Amino acid sequence: MAIFRKPGRPGQPEPTPDGVADELAGLVEELEPGEPGEGGPGGLAEYRAETERGRRRGARLVTAIARRLGTGSRAAAKGAALGGRALTEQLLQTAPRIPVRNLATLRAQHPGAADPEKLADLLITGASRASSALGAGVGAAAMLPVPPAMPVEIAAETIAVAAVEIKLIAELHEVYGFPVEGTAAQKAGAYVGAWADRRGIDPGRLAKPAGLAAMALGSEVRQQVRRRLTRSSLRRLPSLTPLLVGAGIGATINLRDTRKVAREVRESLRGLPPVDPGYWAAAAPAPRRAGD
């Protein structure tokens, strides 16, 4: 029995990196909670419906990424499935494409978040639920009589969850007043490094033109990213457990891990003076006019 997924059915469009990145961003934003006080009698039912929709969307996303990893030779797929250089390169190709919302967009989408702490709570909840949905989707596939390309599925889930966490880290920097300037590749390199370090970017580097260049993805950072991805892949192996247990394990591992990353990065950012003291007020949503 072949253990690697084939590239896809004839005539089925190959998922593009941009499309996958947009879908990951959409999954995160879909699972962000509403404003405090929203809900009502149907609140719990709607939450469960959102969770189920997220799980199905997460499963489709992991399948799409797995198809990309499985494209090409068996050796290439095996390298991606086992982590190492191939898995690292896939993440580095994805990172510059991840749509990151600036603070003005985040505040417009969550006008009830009155301060950075409340907005950060909403973003962390959405990212954690998205990671959980990705884990549940892969875990549920493990109960099938013939698990479909599970090594590649695990690699795909690892990349997807890392992308969700990198997006969260980037947006937490926006929330706490430490946006990274530069090209998409430069910003992605800085945020990937922060993900590997599990801490916010040193504000002193952001204030100097040479600081961003110093955070380029050199061999040392790549090795750290590779180790982090490999460790994450190994932690997801229990989600292959059959009899429906795998879905719960995968969801729980991802939920806990994403919350831990968020907590560590958040703690390193909160309390520091922002680059621009007036950043929060400057990004305030425009007041609604009567009749809107």
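Which residues are linked with Glu 171 in a network of salt bridges? Glu 29, Glu 32, Arg 101 and Lys 167 are linked with Glu 171 in that network, where a salt bridge is a side-chain nitrogen of Lys or Arg within 4 Å of a carboxyl oxygen of Asp or Glu.

Before I go further, a word on the basis of these values. This is a predicted model, in which local features need pLDDT of at least 70 and side-chain atom pairs count only at pLDDT 80 or more, while totals for chains, interfaces and linings use all residues. Residues are numbered from 1 along each chain as its sequence is written, and side-chain values use heavy atoms, with hydrogens and water left out.

Let me begin with the overall fold. The protein chain has 13 helices and zero strands, both being DSSP runs numbered from the N terminus, with at least four residues of H or I for a helix and at least two of E for a strand. Of its 292 residues, 46% count as buried, and here buried means under 20% relative accessible area, exposed means over 50%, and partly exposed lies in between, with a 1.4 Å probe and protein chains only. Among the contacts with a separation of 6 or more, 84% come from residues 24 or more positions apart, a contact being heavy atoms within 4.5 Å.

Leaving out residues up to four places away in sequence, Leu 134 touches, among others, Leu 24, Leu 27, Gly 58, Val 161 and Asn 254.

Returning to the charges, the structure holds 18 salt bridges in total, and I will take three of them. Between Glu 171 and Arg 101 the closest N and O atoms are 2.9 Å apart. This pair links distant parts of the chain, since Glu 171 is in helix α7 and Arg 101 is in the loop between α4 (84-94) and α5 (103-109), 70 residues apart. Both partners are buried, Glu 171 at 2% relative accessibility and Arg 101 with a relative accessible area of 7%.

The second, between Arg 55 and Glu 52, has its closest N and O atoms 3.2 Å apart, and both residues lie in helix α2 (residues 43-70), three residues apart, about one turn of the helix. An α-helix has 3.6 residues a turn, so residues three or four places apart point the same way. Arg 55 is partly exposed at 25%, and Glu 52 is partly exposed at 32%. In the third, Arg 270 and Glu 267 bring their closest N and O atoms to 2.4 Å, with Arg 270 partly exposed at 28% and Glu 267 partly exposed at 45%.

Next, helix α8 and its end. The helix has 14 residues and reaches 20 Å from its first C-alpha to its last, close to the 20 Å expected at 1.5 Å a residue, the expected span being 1.5 Å times one less than the number of residues. Its buried residues include Ala 188, Tyr 191, Val 192 and Trp 195. After α8 comes Arg 198, whose phi is positive, near 60°, and which lies in the loop between α8 (184-197) and α9 (203-206). The charged end of Arg 198 sits over the ring of Trp 195, 5.1 Å from its centre; the criterion is NZ of Lys or CZ of Arg within 6 Å of the ring centre and within 35 degrees of the ring normal. Arg 198 counts as buried at 16% relative accessibility.

Gln 224, in helix α11 (residues 219-235), is in contact with Ala 196 and Asp 197, its neighbours within four places in sequence left aside.

Finally, the aromatic rings. A search of the whole structure finds one aromatic pair, with pairing defined for rings of Phe, Tyr and Trp (its six-membered ring) whose centres lie within 6.5 Å, and with planes under 30 degrees apart counted as stacked, over 60 as edge-to-face and the rest as tilted. The rings of Tyr 279 and Trp 280 have centres 6.4 Å apart and planes at 75°, so the pair is edge-to-face. Tyr 279 is buried at 15%, and Trp 280 is buried at 15% relative accessibility.
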